[in-house]
Amino acid sequence: MGHRLSRIVTRTGDDGSTGLGDGSRVGKDSPRVRALGDVDELNSVIGVLLAEELPEEVAQRLLAVQHDLFDLGSELAVPGYAALKPEHVVMLEEWVEAMNADLPMLKEFILPGGSRQAGLAHQARSVCRRAERAVVTAAHDSEVSAAARQYLNRLSDALFVLARHLNKALGRPDVLWQPHRRD
């Protein structure tokens with residue numbers, strides 16, 4: 001990479017625009033840039049989760065997800081470029097299946113929580129859903145790969161199951177929603 005990032009303050013965005021990887025400039029509030037920001041936020045939230053004590057296999061999977069999300073960011077930053085492939089989606093599906101295999105069947109809705117790690121996984125899941133919505137919106141105006149949209153959809157599922165998996169690994173129960181409960 002050399003010195004690509006040696007100059008951080010450029011002042012080129014002071015007018016409310018930002019440069020995309022293809023050299024074009026768009027508003028910082030454009031759907032593509034909003035989606036890029038939401039994917040970046042998701043990556044940051046996963047970074048916070050990774051700062052927690054986690055099973056090694058989970059940490060390795062989440063690190064791979066962070067790299068995938070950075071690749072997705074490059075897709076959003078360079079119109080017409082596709083980095084994520086269907087294989088990325090399949091890997092998430094396999095991870096969900098593996099984690100879910102040891103979990104009891106859900107009969108009720110659960111609330112985010114149980115353990116700090118599970119709560120952070122749920123937070124990442126909700127940010128992932130927002131990123132997915134932003135990517136879908138961006139795809140209305142410009143090309144976004146199907147794999148990118150599918151990846152975020154599967155990742156939110158994976159983060160939900162991960163929260164349950166972490167609670168189980170830490171000996172904490174899921175927090176069941178109690179509809180119409182009275183205090």
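**Fold, core and surface of a predicted chain**

Among contacts in the chain (heavy atoms within 4.5 Å) between residues at least 6 apart in sequence, 73% join residues at least 24 apart. The model is a predicted one, in which local features need pLDDT of at least 70 and side-chain atom pairs count only at pLDDT 80 or more, while totals for chains, interfaces and linings use all residues. Residues are numbered from 1 along each chain as its sequence is written, and side-chain values use heavy atoms, with hydrogens and water left out.

**Overall architecture**

- The chain holds 5 helices and 4 strands, these being DSSP runs numbered from the N terminus (helices H or I, at least four residues; strands E, at least two).
- Followed along the sequence, these elements come in the pattern β-β-α-α-α-β-α-α-β.
- Of the 183 residues in the chain, 37% are buried, where buried means under 20% relative accessible area, exposed over 50%, and partly exposed in between (1.4 Å probe, protein chains only).
- The accessible surface of the chain is about 10,800 Å², and carbon and sulfur atoms account for 53% of it; such areas come from the Shrake-Rupley method with a 1.4 Å probe, and for residues only the protein chains shown count as cover.

**The largest nonpolar core**

- A nonpolar core is a set of buried Ala, Val, Leu, Ile, Met, Phe, Trp, Tyr and Cys residues joined through side-chain atoms within 4.5 Å; the largest has 42 residues, of which Leu42, Leu62, Leu69, Leu152, Leu155 and Leu162 touch the most other members.
- Two or more residues of this core come from each of helix H1 (31-50), helix H2 (56-77), helix H3 (86-100), helix H4 (116-141) and helix H5 (146-169), and H5 gives the most, with 11 residues.
- Leaving aside residues up to four places away in sequence, Leu62 touches Ile46, Leu49, Leu50, Leu54, Trp95, Leu159 and Leu162.

**Val65 in helix H2**

- Val65 lies in helix H2 and counts as buried because its relative accessibility is 2%.
- With residues up to four places away in sequence again left out, Val65 touches Ile46, Leu92, Trp95, Tyr151 and Leu155.
- Val65 and Ile46 are 19 residues apart along the chain, and their C-alpha atoms are separated by 8.6 Å.

- Phe109, Leu111, Val175 and Trp177 make a nonpolar surface patch of about 390 Å².
- Patches of this kind consist of residues with over 30% relative accessible area and no salt bridge, nonpolar side chains (Val, Leu, Ile, Met, Phe, Trp, Tyr) being joined within 5 Å; a salt bridge is a side-chain nitrogen of Lys or Arg within 4 Å of a carboxyl oxygen of Asp or Glu.
- Phe109 sits in the loop between H3 and strand E3 (110-111), and Phe109 counts as exposed because its relative accessibility is 62%.

Definitions and conventions: Patches are made of residues with over 30% relative accessible area and no salt bridge: like charges are joined within 9 Å, nonpolar side chains (Val, Leu, Ile, Met, Phe, Trp, Tyr) within 5 Å.
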